[in-house]
Amino acid sequence: GQQLNQSPQSMFIQEGEDVSMNCTSSSIFNTWLWYKQDPGEGPVLLIALYKAGELTSNGRLTAQFGITRKDSFLNISASIPSDVGIYFCAGQLRSRTQGGSEKLVFGKGTKLTVNP
Amino acid sequence: DAGVIQSPRHEVTEMGQEVTLRCKPISGHDYLFWYRQTMMRGLELLIYFNNNVPIDDSGMPEDRFSAKMPNASFSTLKIQPSEPRDSAVYFCASSFNALNTEAFFGQGTRLTVV
């Protein structure tokens, strides 16, 4: 099946530091989504990107849809303890109207630990 | 809306027993997805529905797994008979339509088969 390569697998940082993680694929995606999962909870959507080159911010979070449509990154600025969790990227290959599928492919996640 | 609602939150069952997981999607969402999450394989899509119709079940591991969506507000994922390797967290998610693919997840059902 389709694969998303997400890196790094884990990060240990100090409170206040900036964080960067990314996802790459050999396939072209129409949509990139970034989710955060807290322990015992389902993934929660952080940012959605629908256009190649798009740069979108949500508070301290910034994400970009790569111009080649094969990658995306997520930055977190001035990290705080509640940023702890697992961050997932997800991509949609294409819509069914374009002859594809609506289903999302998920990366394996980046586990973030923030030391106070 | 209360979001995607899954039940039960936790299920412990013995090998060979039937397990039924339930999901209520967000009202008005046309798509419903069932995912399985394990440490080894991450989040895997099992099956998804559009307007209550199964569209892609290629992720269903084997015939022991089945899913139904009898109406727009309810879906079930059934495992019969269950095996220890089915132990995982099962998530249900829903999204509005094919163009707005922002899937919203439930809190999951943690299944343990002993």
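Which residues lie nearest the centre of the largest pocket? They are Q37(A), I86(A), F88(A), Q37(B) and M39(B), out of 32 lining residues. Before going on, a word on the ground rules: this is a predicted model, where local features need pLDDT of at least 70, side-chain atom pairs count only at pLDDT 80 or more, and totals for chains, interfaces and linings use all residues. Residues are numbered from 1 along each chain as its sequence is written, chains are lettered from A and ligands numbered from 1 in the order in which they are written, and side-chain values use heavy atoms, with hydrogens and water left out.

A pocket here is an open set of points on a 1 Å grid over the protein atoms alone, where a 1.4 Å probe fits, with protein on both sides within 12 Å along at least five of seven lines; lining residues have an atom within 4 Å of a point. The largest one has a volume of about 850 Å³, counted as the space filled by probe spheres set on the points, which are joined across faces, edges and corners. β11(B) gives the most, with 4 residues.

Now for β11(A), which pairs with two strands (pairing takes at least two DSSP bridges):

| Partner of β11(A) | Sense | Bridges | Example |
|---|---|---|---|
| β2(A) | parallel | 5 | M11(A) with L112(A) |
| β9(A) | antiparallel | 3 | Y87(A) with T110(A) |

In a regular strand the side chains alternate between the two faces of the sheet. In β11(A), the covered face has T110(A), L112(A) and V114(A), while K111(A), T113(A) and N115(A) make up the uncovered one.

L112(A) also turns up in the largest nonpolar core, where it is listed with W32(A), W34(A) and L74(A) as having the most contacts among the 22 residues. Such a core is a set of buried Ala, Val, Leu, Ile, Met, Phe, Trp, Tyr and Cys residues joined through side-chain atoms within 4.5 Å. Apart from it lies another core, of 21 residues, including V4(B) and F65(B).

Finally, look at G42(A), in the loop between β4 and β5 of chain A. G42(A) has a relative accessible area of 6%, so it counts as buried (under 20%; exposed is over 50% and partly exposed in between, with a 1.4 Å probe and protein chains only). Leaving out residues up to four places away in sequence, G42(A) touches K36(A), Q37(A), F91(B), F105(B), G106(B) and Q107(B), a contact being heavy atoms within 4.5 Å.
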